[in-house]
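Have the sequence and the 3D view ready as you read.

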Amino acid sequence: MKTLLILDSLLSPTVSCLAKNMLVASADKIGITWVTQPQESELVIVIGESMPVNSELNGKKLFLAQADFAIRQPEILLARAIEQANVYQAVETVAEKTQAD
């Protein structure tokens with residue numbers, strides 16, 4: 001499954017790097033191929049505290065998880081992401097609404 005990984009910018013660089021490395025190392029076992037562009041992805045995994053606001057992700061299956069889960073149990077996280085991801089729809093911001101009007 002083509003998957004995009006998004007790391008929350010509020011995570012420390014060390015935590016981000018460790019979470020990414022653990023997920024990347026486990027991806028082959030689960031059948032995940034990493035991509036770098038949202039339009040290429042079938043699944044988006046977000047590691048952090050909150051959902052991104054990005055209209056490029058609309059219609060994509062998205063899974064939000066904590067960094068400690070990615071570090072401690074990356075294979076379980078990836079399996080859950082495939083099974084439990086929900087279709088994403090960005091919330092329109094006030095600035096976007098104003099531009100549309």
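**Salt bridges**

Arg72 and Asp68 sit four residues apart in helix H2 (residues 67-72), so about one helical turn separates them. Helices here are DSSP runs of H or I with at least four residues, strands are E runs of at least two, and both are numbered from the N terminus. Keep in mind that this is a predicted model, where local features need pLDDT of at least 70, side-chain atom pairs count only at pLDDT 80 or more, and totals for chains, interfaces and linings use all residues. Residues are numbered from 1 along each chain as its sequence is written, and side-chain values use heavy atoms, with hydrogens and water left out.

- Arg72 forms a salt bridge with Asp68, and their closest N and O atoms are 3.4 Å apart. (A salt bridge means a side-chain nitrogen of Lys or Arg within 4 Å of a carboxyl oxygen of Asp or Glu.)
- Arg72 is exposed, at 65% relative accessible area, while Asp68 is partly exposed, at 40%. (Buried means under 20% relative accessible area, exposed over 50%, and partly exposed in between, using a 1.4 Å probe and protein chains only.)
- How many salt bridges does this rule give? The count comes to two.
- Lys29 pairs up with Glu75 in a salt bridge, with 3.1 Å between the closest N and O atoms.
- Lys29 belongs to helix H1 (residues 13-30) and Glu75 to helix H3 (residues 74-84), so this pair ties together parts that are 46 residues apart in sequence.
- Lys29 is exposed, with a relative accessible area of 59%, and Glu75 is partly exposed, with 33%.

**The buried side of H3**

- Which residues of H3 are buried? They are Pro74, Leu77, Leu78 and Ala81.
- Looking down the axis of H3, these buried residues fall within an arc of 95°, so they line one face of the helix. (The arc is taken from the directions from the helix axis to the C-beta atoms.)
- The cover over the buried residues of H3 includes H1, E2, E3, strand E4 (61-65) and H2.

**A serine in a loop**

- Ser41 lies in the loop that runs between strand E2 (33-35) and strand E3 (43-47).
- The side chain of Ser41 reaches the backbone oxygen of Pro38 at 2.8 Å.
- Leaving out residues up to four places away in sequence, Ser41 touches Lys2, Thr3, Leu4, Val35 and Lys60. (Touching, or contact, means heavy atoms within 4.5 Å.)

Conventions:
Polar contact = N/O pair within 3.5 Å; in protein donor to acceptor, adjacent residues only side chain to side chain.
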